[in-house]
Amino acid sequence: MKDVISITGAGIICAIGNDKVSVLDSLRNRESGVRSVKYLETVHGELPVGEVQMSDDEMKAMLGLASDTVVSRTSLMGALAIKQALSQAGIEKTEGRRVALISGTTVGVMDVTEMEYHRNKAVLNVRDLPKGNECGKSTEQMAALAGLEDVELCTVSTACSSALNSIIVGAEMLRHSEADIVIAGGSEALSRFHLNGFNSLMILDGRPCRPFDADRAGLNLGEGAAFVVLQKDASRPLAYVSGYGNRCDAFHQTASSENGEGAFLAMTEALESAGLKASDIDYVNAHGTGTQNNDMSESRALSRVFGDNIPPVSSTKGFTGHTTSASGAIETVICLLAMQNDMIPANLGWEKPSPGLVQPSMGVENAVLNNVMCNSFGFGGNDSSLVLSRSVREDGTVDMPVAEYETVANVTIDDVAQLAELREFVSPMESRRMCTLMKASLLSSLRAAKEAALQCPDAVIAATSGGMLQTSIQFLEDMEENCETMLKPTLFMMSTHNTVASAIAIRLGCHGYNITYSQGEASSQWALRDARRLLESGKASSVLVTSFDESADGGFRSESMVIRKKL
């Protein structure tokens, strides 16, 4: 029998409830959590959001913290969801077992950093920002607040697919016997940085969102956290993680391709790894943001996968808002609740069909769901899909093929003078819009690929501690100077941690596995571990691994290597 990955516990906190019971009740009663902003201090009160209906102080009290404790809202929500998941799994102590906490986030603890900056109006530099831009800081805080000791910590940052990719990484760790228990999911708090960034892209709707509707006008941002406990071959699972896929659209930093190539490949890979046919899927929880581009692209991808027999589809973002990096985990738990309670959540807000778009479900009771697919797509074409099942096939093998591999190219860029070499790969007109770190990262990656005589790798894996610090600083300053209006969208687009890995994939036309790790100094080790898993299991023959960061003194460093299966 093949290794079986079970979900043994789940926790959730979002705009429609602070636990699974209240979330299920809202789903059944079709009660949206998208409403006027209440807790976030912003000038954009006209934009509806999906806020968790608890103040920071209320969450601190639940976790036994004093109200004057400085801690990120991202971490507070994450810790509450983790404690729920552990409680349901019956895990009180982790001593003697190898436990990993894997969290997906992009904003991290930026809410704390921006509040301090907003109040003090201090001049920012790279030395100040890692406190907020290191996504791994929020994972460390969550572990401490949830009472987890002596556990491995990992943070995945692939924009809106972060949490789903965390679950995928957790499942792979269990399959490769790297852990006994994995707590995987994600958390994301609303912040001014977050809200203004999406607003600068002009994709926020001033009304509740309407995914897949002919008159859809954009998304509503949300916040929340969800985590699941994963164990191998558990005796009493809630459901099985039967399949998953991570692929890259390799098209654009923020837009999806017209034919939904990345989404199509992710869904196809998820089905293949689950050993299922498209006709076996009983429900698809769509990414369904409500933007013109996403809904059309995802609809075309669904048509390519399912043909004329598309199963019931709905987006639950009308309930929660788009919780960005946490969305994949929140929607995984919603899928789990749907399976356990024989129901399909409604696609709130939908009224008018449109040619080329899927016609979503408006909710179904007494629906038997044996296999459910959950889609989560992020900026840069980081597209992932997950399949949950009531039962799993018992064929297959536990043997993990082991392949030898070697590093065939290694390039480091850490001097401004070296950046002139980028002209070999990128035109001056194009590079002038790039920040220094983007230039360095592209140059090291493309040079490594050339030295390895590699036209296109099978996977691109990135590692960063602080991400794109200078562009994040510039966007914060832009918000303050312009009172959160008329902001530069390019700065926001380049501030996300996965910008580099997606830019490399776009440049090389790589539609394969794509992920970014952001766990402080351990980021590079997580990236290398992932690359080895891909190579050892035969899922890839070549992997491009890149690491990048800026230093407090204004310096930078990007190192890229090509690791290849030995012939």
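Select helix α7, residues 162-175, which is mostly covered: 14 of its 14 residues are buried, where buried means under 20% relative accessible area, exposed over 50% and partly exposed in between, with a 1.4 Å probe and protein chains only. The model is predicted: local features need pLDDT of at least 70, side-chain atom pairs count only at pLDDT 80 or more, and totals for chains, interfaces and linings use all residues. Residues are numbered from 1 along each chain as its sequence is written, and side-chain values use heavy atoms, with hydrogens and water left out.

From its first C-alpha to its last, α7 reaches 20 Å, close to the 20 Å expected at 1.5 Å a residue; the expected span is 1.5 Å times one less than the number of residues. Helices (H or I, at least four residues) and strands (E, at least two) are DSSP runs numbered from the N terminus. Move on to Ser-177, which follows α7 and has a positive phi, near 55 degrees.

Next, select helix α15, residues 469-481. The end C-alpha atoms of α15 lie 18 Å apart, in agreement with the 18 Å that its 13 residues should span at 1.5 Å a residue. Display the side chains of the buried residues in α15: Leu-469, Thr-471, Ser-472, Ile-473, Phe-475, Leu-476, Asp-478, Met-479 and Glu-480. An α-helix has 3.6 residues a turn, so residues three or four places apart point the same way. After α15 comes Cys-483, with a positive phi near 50 degrees.

Now turn to the second largest pocket, with a space of about 540 Å³. On a 1 Å grid over the protein atoms alone, a pocket is an open set of points with protein on both sides within 12 Å along at least five of seven lines, a cavity is a set where a 1.4 Å probe fits but cannot get out, and lining residues have an atom within 4 Å of a point. Centre the view on Tyr-39, Asp-56, Asp-111, Met-115 and Arg-119, the closest to the pocket centre among its 22 lining residues. Then colour α2 (56-62) and α4 (110-120), each of which supplies at least two residues of that lining; α4 gives the most, with 7 residues. By class, the lining has 7 nonpolar, 3 polar and 12 charged residues. Here Ala, Val, Leu, Ile, Met, Phe, Trp, Tyr, Cys and Pro count as nonpolar, Asp, Glu, Lys and Arg as charged, and the others, Gly among them, as polar.

The structure also holds 3 cavities of 30 Å³ or more. For the largest cavity, of about 170 Å³, select Thr-106, Val-107, His-194, Phe-492 and Thr-496, which lie nearest its centre among 18 lining residues. Helix α8 (residues 192-200) gives the most to this lining, with 3 residues. The lining of the largest cavity divides into 8 nonpolar, 9 polar and 1 charged. For both volumes, grid points are joined across faces, edges and corners, and the volume is the space filled by probe spheres set on the points.

Proceed to Pro-355, in the loop between β9 (343-344) and β10 (364-365). Pro-355 is exposed, with a relative accessible area of 75%. A C-alpha distance drawn from Pro-355 to Gly-381 gives 24 Å, across 26 residues in sequence.

Finally, view the whole chain, which has 18 helices and 17 strands. Along the principal axes, its C-alpha atoms fill a box of roughly 65 × 60 × 55 Å. Of its 567 residues, 63% count as buried.
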